[in-house]
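Subject: Handing over the two-chain model

Hi there,

Here is the structure I promised to pass on to you. Have a look at it first, and then read on for what turned up.

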Amino acid sequence: MALSLAETSVLIGSALRNHDVRAMRKINSRCVGETTLRFQQPTYNYALITYVLAKILSKPRYFRQGKGKELVSAVDKLLRDGEAAAKEADYATLLSTQGKMLSSMEKLDDEDRRFVKGILQKAKLKIASTLYAQGISLGNASEIAGADKRELLLYAGQTMMFDRLKEKKSIEERMKELREIFS
Amino acid sequence: MAKLSGQSIVCDASSLISLTDSCFVHVIYFLKKKYSGRFIIPPSVERECVEQPMQIRNYALHAIRLKRAIAENMIDVVEANPARDLPAFSIERSSMSDAFCKSKMHMESADSNPKAKPGKAAEEIKFIANNIFHADGTPLRLLHAGEADVLSLALELGVDNILMDERTCRMLCEDPESLRQHLEHELGRQIGINDESLSAFSRATRKLRFFRSSELLLLAYEKGYFADYKELERDAVEASLYKLKHAGCAIGFGEIGGYARNHIRE
């Protein structure tokens, strides 16, 4: 059954306080699945937030200088604000609160950047790839997640998604048709 | 527009991206010189493959390759008639349930780029395609305006061949039942079909034949594109298929391995 936005906020807060990466990933999967079914910006934002939080919690380097701890307490507070806004169906406040969470996580990553692609961009790409693998078209997946189509194609190319779903028409059949056309 | 050769192909952005990222844009030059057909793209594909990536340092070179191919008339940008309707769609929006029509309002608001606004026929295709499957009463929004644009241009020009590496749109046209089962498996819930939408969509797209960049490359190989590799020719073509796969062409490792074993290395 689908979780409400307020319930999602509570679950994320609990996983965050317990440093429970597994629980965070589970919430992420639910949010991504919900996004595939019916796109809603707040649900998608929670998919992004949970992906990034799972990454941050699993990497000790973010916690070495105490910055990770600061982030956890700031995001925890914002999650409570988000929960209250969701309960009152105040989506503008919820979206703005989620925006603050994403900015603070992006800032933390920027301060100790290791890769060209930031953590938020990586999250968008990962979610877009999941949407595409689940059956949403490439264009739609990239639009929903805000990921670049070219990067999404390259990312999908590194996965086994095309081996997991066999297509009806074989390469031989397509070649036969192509040879007939170009004979 | 003059009648197009049966060897013409309407190309989707996904295939052009795979080809340029793998440095195989010259496959288009090679085939264009050998055949009478044209490689055609709608303006939305040009925007996606040339204009937008030109602004990104990492992808600008790929965009330049395609821009040059367009400038050298290897690829033609053709605009669909924006007011044209698709006669094959006998289904009327008014005959759809309220839930489906409400979902359309949501879908249209998501297409935020005004420049990317598709023509009437592409809108129809997108609308019908996005009302074929539903879960818990909600239609699944599968297709994007860009993919609908490619289908609609092919139908308008009477070109039956489409070059598309993207998997979902191809499966929706060729094998919707497998796509439904896949969605059911992935989403862990029952996926229903709106028969009226499916039959309208299938009626409109049944003549279309889809090819991927992998098949285009194999055709070029059969016509001698890799001949100058001499004794390394077969290795080169197999490696090229893997390169295309890694650039996003929707082809499995198993498919490449099987084809290479049976047809390239035999």
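In what order do the five strands of the open sheet in chain B run? The order is β3-β2-β1-β6-β8, and the pairing is parallel. Please keep in mind throughout that this is a predicted model.

**The sheet in chain B**

The edges are formed by β3 (75-77) and β8 (209-211) of chain B, each of which pairs on one side only. From one strand to the next, the twist averages 35°.

**Chain A as a whole**

Chain A has ten helices and zero strands. Its C-alpha atoms fill a box of roughly 65 × 40 × 25 Å along the principal axes. Of the 183 residues in chain A, 44% are buried. Among the contacts in chain A with a separation of 6 or more, 57% link residues 24 or more positions apart.

**Two domains in chain A**

Where they touch, domain 1 of chain A gives 16 residues and domain 2 of chain A gives twelve. On the domain 1 side, the elements that give two or more residues are α2 (21-37), α3 (41-58) and α5 (91-111) of chain A. The largest share of that side, six residues, comes from α3(A). By type, the domain 1 side divides into nine nonpolar, two polar and five charged residues.

**A helix pair in chain A**

How do α4 (residues 67-87) and α5 of chain A cross? Their axes come within 8 Å, at an angle of roughly 170°. Angles over 145 degrees count as roughly antiparallel, so α4(A) is roughly antiparallel to α5(A). Residues making this contact include A:L71, A:V75 and A:L78 of α4(A), and A:L94, A:M101 and A:L108 of α5(A). The contact of α4(A) with α5(A) divides into ten nonpolar, five polar and four charged residues.

**One residue to look at: A:L152**

A:L152 is found in helix α8 of chain A. Is A:L152 buried or exposed? It counts as buried because it has 25 C-beta neighbours inside 10 Å, and the cut-off for buried is 20 or more. Leaving out residues up to four places away in sequence, A:L152 touches several others, among them A:L125, A:Y132, A:L138 and A:A141. The C-alpha atoms of A:L152 and A:L125 are separated by 6.2 Å, although these residues lie 27 residues apart along the chain.

**Where the chains meet**

Finally, 33 residues of chain A are in contact with 51 residues of chain B. On the chain A side, α2, α7 (138-145), α8 (149-157), α9 (161-164) and α10 (171-181) each supply at least two residues. That side of chain A divides into 14 nonpolar, nine polar and ten charged residues.

Enjoy exploring it!

Best wishes

Terms used. Residues are numbered from 1 along each chain as its sequence is written. Chains are lettered from A and ligands numbered from 1 in the order in which they are written. This is a predicted model: local features need pLDDT of at least 70, side-chain atom pairs count only at pLDDT 80 or more; totals for chains, interfaces and linings use all residues. Two residues are in contact if their C-beta atoms, placed from the backbone, lie within 7 Å. Helices (H or I, at least four residues) and strands (E, at least two) are DSSP runs, numbered from the N terminus. Ala, Val, Leu, Ile, Met, Phe, Trp, Tyr, Cys and Pro count as nonpolar, Asp, Glu, Lys and Arg as charged, and the others, Gly among them, as polar. Two strands pair if DSSP finds at least two bridges between them. Axes are lines fitted to C-alpha atoms, for helices over the stretch in contact, and angles run from 0 to 180 degrees between N-to-C directions. A residue is buried if 20 or more other C-beta atoms lie within 10 Å of its own, exposed if 12 or fewer, and partly exposed in between; C-beta atoms are placed from the backbone. Angles under 35 degrees count as roughly parallel, over 145 as roughly antiparallel, 65 to 115 as roughly perpendicular and the rest as oblique.
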